[in-house]
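Reader: I would like to learn how to read the main features of a model such as this one. Please take them one at a time.

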Amino acid sequence: MRFGMILNGGQRAGQPREEALAALLAKARTAQQCGFHSLWVGPGYLDDGWHATVLLARVAAEAPGLDLGVVGLLPLS
């Protein structure tokens with residue numbers, strides 16, 4: 001069985017962006033060490049986060065070997 005984790009791409013109110021990024025990268029390293037197989041991020045525009053491609057590129061450098069993906073929303077009306 002394979003397990004993945006969704007990384008929140010935003011930051012808390014009042015939190016510096018550098019601190020928020022450091023926390024995300026720490027979560028990615030922890031997920032890798034705990035045996036997760038994949039990490040997922042949202043598109044970033046919903047919560048004032050980073051662009052998904054940029055964030056995943058940084059995560060790939062920090063925690064190599066994990067499958068990476070983007071969770072997308074398809075508005076249907």
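Author: Start with the term strand: helices and strands are DSSP runs, numbered from the N terminus, and a strand needs at least two residues. By that rule Trp40 falls in strand β2, residues 38–41. Keep in mind that this is a predicted model.

Reader: How many helices and strands does the protein have, and in what order do the elements run from the N terminus?

Author: The protein has two helices and three strands. Read from the N terminus, the order is β-α-β-α-β.

Reader: How does the radius of gyration of the protein stand against that of a compact globule?

Author: The comparison rests on chain length. For 77 residues, a compact globule would have a radius of gyration near 11 Å, and the protein has 13 Å, which agrees. The box that holds the C-alpha atoms, taken along the principal axes, is roughly 35 × 35 × 15 Å.

Reader: What share of the contacts joins residues 24 or more positions apart?

Author: Taking contacts with a separation of 6 or more, 72% are between residues 24 or more positions apart.

Reader: What should I take from the surface and burial totals?

Author: The accessible surface of the protein is about 5100 Å², and carbon and sulfur atoms account for 61% of that surface. Of the 77 residues, 29% are buried.

Reader: Is Gln15 buried or exposed?

Author: The cut-off for buried is under 20% relative accessible area. Gln15 has 11% relative accessibility, so Gln15 counts as buried. Gln15 sits in the loop between β1 (4–7) and α1 (17–33). Its side chain makes a polar contact with the side chain of Glu19, at 3.4 Å.

Reader: And Trp40: which class does its relative accessible area give?

Author: Values between the buried and exposed cut-offs, 20% and 50%, are called partly exposed. Trp40 has a relative accessible area of 35%, so Trp40 is partly exposed. Together with Ile6 and Val71, Trp40 makes a nonpolar surface patch of about 280 Å².

Reader: How many salt bridges does the structure hold?

Author: Side chains of opposite charge can pair when their charged atoms come close. The structure holds three salt bridges. One of them is between Arg2 and Asp67, with the closest N and O atoms 2.5 Å apart. Arg2 is in the segment before β1 and Asp67 is in strand β3 (residues 67–70), so this pair ties together parts that are 65 residues apart in sequence.

Reader: How exposed are Arg2 and Asp67?

Author: Arg2 has a relative accessible area of 55% and is exposed. Asp67, with 40%, is partly exposed.

Reader: Which residues are linked in a network of salt bridges?

Author: The network links Arg29, Arg58 and Glu62. Take its pairs in turn. Arg29 and Glu62 form a salt bridge through their side chains, at 2.5 Å from N to O. This pair links distant parts of the chain, with Arg29 in helix α1 and Glu62 in helix α2 (residues 52–62), 33 residues apart. The other pair is Arg58 and Glu62, whose side chains meet at 2.8 Å, N to O.

Reader: Where do Arg58 and Glu62 stand relative to each other in helix α2?

Author: Arg58 and Glu62 are four residues apart in helix α2, so about one helical turn separates them.

Reader: Which residues does Glu62 contact, leaving aside its neighbours within four places in sequence?

Author: Contact here means heavy atoms within 4.5 Å. With those neighbours set aside, Glu62 is in contact with Leu25, Arg29 and Gln32.

Definitions and conventions: Residues numbered from 1 in each chain as written. Predicted model: local features only at pLDDT ≥ 70, side-chain atom pairs only at ≥ 80, totals over all residues. Heavy atoms only, no water. Buried < 20%, exposed > 50% of the residue type's maximum accessible area, 1.4 Å probe, protein only. Polar contact = N/O pair within 3.5 Å; in protein donor to acceptor, adjacent residues only side chain to side chain. Patch = residues over 30% accessible without salt bridge, like charges linked within 9 Å, V, L, I, M, F, W, Y side chains within 5 Å. Areas by Shrake-Rupley, 256 points an atom, 1.4 Å probe, with all protein chains shown as cover. Salt bridge = Lys/Arg side-chain N within 4 Å of Asp/Glu carboxyl O. Rg over C-alpha atoms; globule rule 2.2 N^0.38 Å.
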